[in-house]
Amino acid sequence: CYDCIRIRGQVASQARQGGRADYWFARAVAIAPSIPFAYADWGQSLLQRGQTDAAIAKLKVANQKGPHFADALVGWGEALMAKNQSHLALAKFAEAEKYAPNWGRLHLKWGEALVYAGKKDEAKAQFARVAQLGLTPSEKSELARNALMDIYKPKPWHGWRDFVKEIGTIVIGVSIALAGEQTVEWFHWREKTNYVTEQIQGELA
């Protein structure tokens, strides 16, 4: 089934098996070339591998197939951010808001783009809104990291002891957030892998 093949691609991507992910996403696209979901998944997978131009190409197609599909626009915005084009990413996030105004990840990434664009007051407003919306556990960790970096801004140092203390505080805080995110992601993808296995076994039965 289309969704089963998409999920196989997502699992392969999470397992850092780029070639396998490309294979499954290509199969999903072949099955339903007019549906945007597999194109968007493929774009996100390529983005995670650092292939920003290829990711944008897939996400553009997803946007063409589904102009009101917010996931494609947000992924496109994230890819533009990866290319240090936050000013262009802001337009994608603003467009995505028309179709998914209460999507937490959209406002999270929008806030990050505003930070990179130097619009910190607007970024804080987005992060404040994010806190009131639904987020996945990994996105909550990401929001915590953004808040942490805002709270622990560099302060004037009065010697090496203050320097070490300041850097240590930031490193420890970020490490805790990252560790929590990785744990959550592991359980999330274990659940997806089990789901795919059950679907495959059902098809073979």
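Student: What makes the link of C1 and C4 right-handed?

Tutor: The torsion does: there are 80° about the S-S bond, and the link of C1 and C4 is right-handed. Keep in mind that we're looking at a predicted model.

Student: How do you know that C1 and C4 are joined by a disulfide?

Tutor: Set the distance against the cut-off. The sulfurs of C1 and C4 are 2.3 Å apart, and a pair of cysteine sulfur atoms counts as a disulfide within 2.5 Å. So the C1 and C4 pair passes. A search of the whole structure turns up one disulfide.

Student: Why is C4 called buried?

Tutor: Its relative accessible area is 5%, and buried means under 20%. C4 therefore falls on the buried side.

Student: Why are α5 and α7 called roughly parallel?

Tutor: Helix α5 (residues 70–82) packs against α7 at an angle of about 25°, with the axes 10 Å apart. Angles under 35 degrees count as roughly parallel, so α5 and α7 get that label. α5 passes α7 in a left-handed crossing.

Student: What makes up the contact of α5 with α7?

Tutor: V74, E78 and M81 in α5 meet R105, L106, K109, E112, A113 and Y116 in α7. That set divides into five nonpolar, no polar and four charged residues.

Student: K109 turns up in both of those lists. How do you know whether K109 is buried or exposed?

Tutor: K109, a residue of helix α7, has 9% relative accessibility. Leaving aside neighbours within four places in sequence, K109 is in contact with E78, M81, F93 and E142.

Student: And H107, is that one buried or exposed?

Tutor: H107 is also found in helix α7. Its relative accessible area is 0%, and the buried label needs under 20%, so H107 is buried. H107 touches E97, P101, Q126, R129, V130 and L133, not counting residues up to four places away in sequence.

Student: Why does S45 count as buried?

Tutor: S45 is at 2% relative accessibility, against a limit of under 20%, so S45 counts as buried. S45 is found in helix α3 (residues 37–48). Leaving out residues up to four places away in sequence, it touches S13, A21 and F25. S45 and G18 are 27 residues apart in sequence and 7.8 Å apart in space, C-alpha to C-alpha.

Student: What makes R16 exposed?

Tutor: Exposed means over 50%, and R16 has a relative accessible area of 78%, so R16 is exposed. R16 is found in the loop between α1 (2–14) and α2 (18–31). It also has a positive phi of about 65° although it is not a glycine.

Student: How do you know whether N84 is buried or exposed?

Tutor: The relative accessible area of N84 is 70%, and exposed begins over 50%, so N84 is exposed. N84 is found in the loop between α5 and α6. Its phi is near 60°, a positive value in a residue other than glycine.

Key
Residues are numbered from 1 along each chain as its sequence is written. This is a predicted model: local features need pLDDT of at least 70, side-chain atom pairs count only at pLDDT 80 or more; totals for chains, interfaces and linings use all residues. Side-chain values use heavy atoms; hydrogens and water are left out. Contact means heavy atoms within 4.5 Å. Helices (H or I, at least four residues) and strands (E, at least two) are DSSP runs, numbered from the N terminus. Buried means under 20% relative accessible area, exposed over 50%, partly exposed in between (1.4 Å probe, protein chains only). Axes are lines fitted to C-alpha atoms, for helices over the stretch in contact, and angles run from 0 to 180 degrees between N-to-C directions. Angles under 35 degrees count as roughly parallel, over 145 as roughly antiparallel, 65 to 115 as roughly perpendicular and the rest as oblique. A crossing is left-handed if the near helix is turned anticlockwise from the far one by less than a right angle, and right-handed if clockwise. Ala, Val, Leu, Ile, Met, Phe, Trp, Tyr, Cys and Pro count as nonpolar, Asp, Glu, Lys and Arg as charged, and the others, Gly among them, as polar.
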